[in-house]
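Visitor: I would like to go through this model with its definitions in hand. Please set each value against its cut-off.

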Amino acid sequence: MRLRLEPTRKNLVGFALGLIFLCFTLAVAREMNTAVLYLFWGEGCLHCASEKQFLDELGQEYPALELRSLEVFNNANNRQLFSDIAKAFGHEARSVPTTMLGDNVWIGFSEPIATDIESRVRYCLEYQACADPSKRLSSDSLAVLERPSPTTLKLPMFGNVNPNQ
């Protein structure tokens, strides 16, 4: 006895619905499996430029990493946000670059810091264990965060793009 399946309309509809459900499930899982990293930097800062380049490459390697790059020397809103979020972490907003991911804060940039950041990004993405640092902010501080900033745009297939460059 051979079991023979003929492509009926019912089978095709069931297959299509299953495929749609699978795609939706994967999209939801991918959305949940993100990490938000904040980089506070200053125009003209050489360490900041090095870290920005590193993070752009890291963002390409880990597409689920959401990079929020905020220039603080020339942008008062970003400077205020830097002060508020640093205070929420128990720090002062004194030096750039300052990087925040989950519960971690890195001040400055070097090879060991780059290695530590990448390790933490992998951990955050693998275990979904890192909250968005902005969750520590009050509603007043969040209002500053929600204002549009032309510093970077995240574009599909292009990653983070700075329209000012």
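Visitor: What share of the contacts in the protein chain joins residues at least 24 apart?
Guide: Among contacts between residues at least 6 apart in sequence, 63% do. Contact here means heavy atoms within 4.5 Å. This is a predicted model, where local features need pLDDT of at least 70, side-chain atom pairs count only at pLDDT 80 or more, and totals for chains, interfaces and linings use all residues. Residues are numbered from 1 along each chain as its sequence is written, and side-chain values use heavy atoms, with hydrogens and water left out.

Visitor: What makes up the secondary structure of the protein chain?
Guide: It comes to 5 helices and 6 strands. Both are DSSP runs numbered from the N terminus: helices are H or I with at least four residues, strands are E with at least two. From the N terminus on, the order is α-β-α-β-α-β-β-α-α-β-β.

Visitor: Why is Y38 called buried?
Guide: Buried means under 20% relative accessible area, exposed means over 50%, and partly exposed lies in between (1.4 Å probe, protein chains only). Y38 has 0% relative accessibility, so Y38 counts as buried. Y38 sits in strand β1. Its C-alpha atom is 9.5 Å from that of V105, 67 residues apart along the chain. Across the protein chain, buried residues make up 35% of the 165 residues.

Visitor: Why is A49 called partly exposed?
Guide: A49 has 42% relative accessibility, so it falls in the partly exposed class. A49 belongs to helix α2. The C-alpha atoms of A49 and P97 are separated by 8.9 Å, and the two residues are 48 apart along the chain.

Visitor: What makes the peptide bond from V96 to P97 cis?
Guide: Its omega is near 0 degrees. P97 lies in the loop between α3 and β3. Most peptide bonds are trans.

Visitor: What is the phi of Q128?
Guide: Phi of Q128 is near 50 degrees, a positive value in a residue other than glycine. Most residues other than glycine have a negative phi. Q128 is in the loop between α4 (111-127) and α5 (139-146). Its relative accessible area is 46%, so Q128 is partly exposed.

Visitor: How do you know that β1 and β2 pair?
Guide: Two strands pair if DSSP finds at least two bridges between them. Strand β1 (residues 35-41) and β2 have 7 bridges, in the parallel sense. W41 stands opposite E71 in β2. The chain crosses from β1 through helix α2 (residues 46-61) to β2, and this β-α-β crossover is right-handed. Right-handed means that, with the strands pointing away from the viewer, the path from the first strand over the helix to the second runs clockwise.

Visitor: Why is strand β2 called mostly covered?
Guide: In β2 (residues 65-71), 5 of its 7 residues are buried.

Visitor: What counts as a cavity, and how many are there of 30 Å³ or more?
Guide: On a 1 Å grid over the protein atoms alone, a cavity is a set of points where a 1.4 Å probe fits but cannot get out. Points are joined across faces, edges and corners, and the volume is the space filled by probe spheres set on them. The count is 1 cavity of 30 Å³ or more. The largest cavity holds about 40 Å³.

Visitor: Which residues line the largest cavity?
Guide: Lining residues have an atom within 4 Å of a point. Among them are F82, H91, R94, M100 and V105. The elements giving two or more residues to this lining are α3 (76-88), β3 (98-101) and β4 (104-107). The lining divides into 6 nonpolar, 3 polar and 2 charged residues. Nonpolar covers Ala, Val, Leu, Ile, Met, Phe, Trp, Tyr, Cys and Pro; charged covers Asp, Glu, Lys and Arg; the others, Gly among them, are polar.

Terms used: 1 Å grid on protein atoms, 1.4 Å probe; cavity = no way out; pocket = protein on both sides within 12 Å on 5 of 7 lines; lining within 4 Å.
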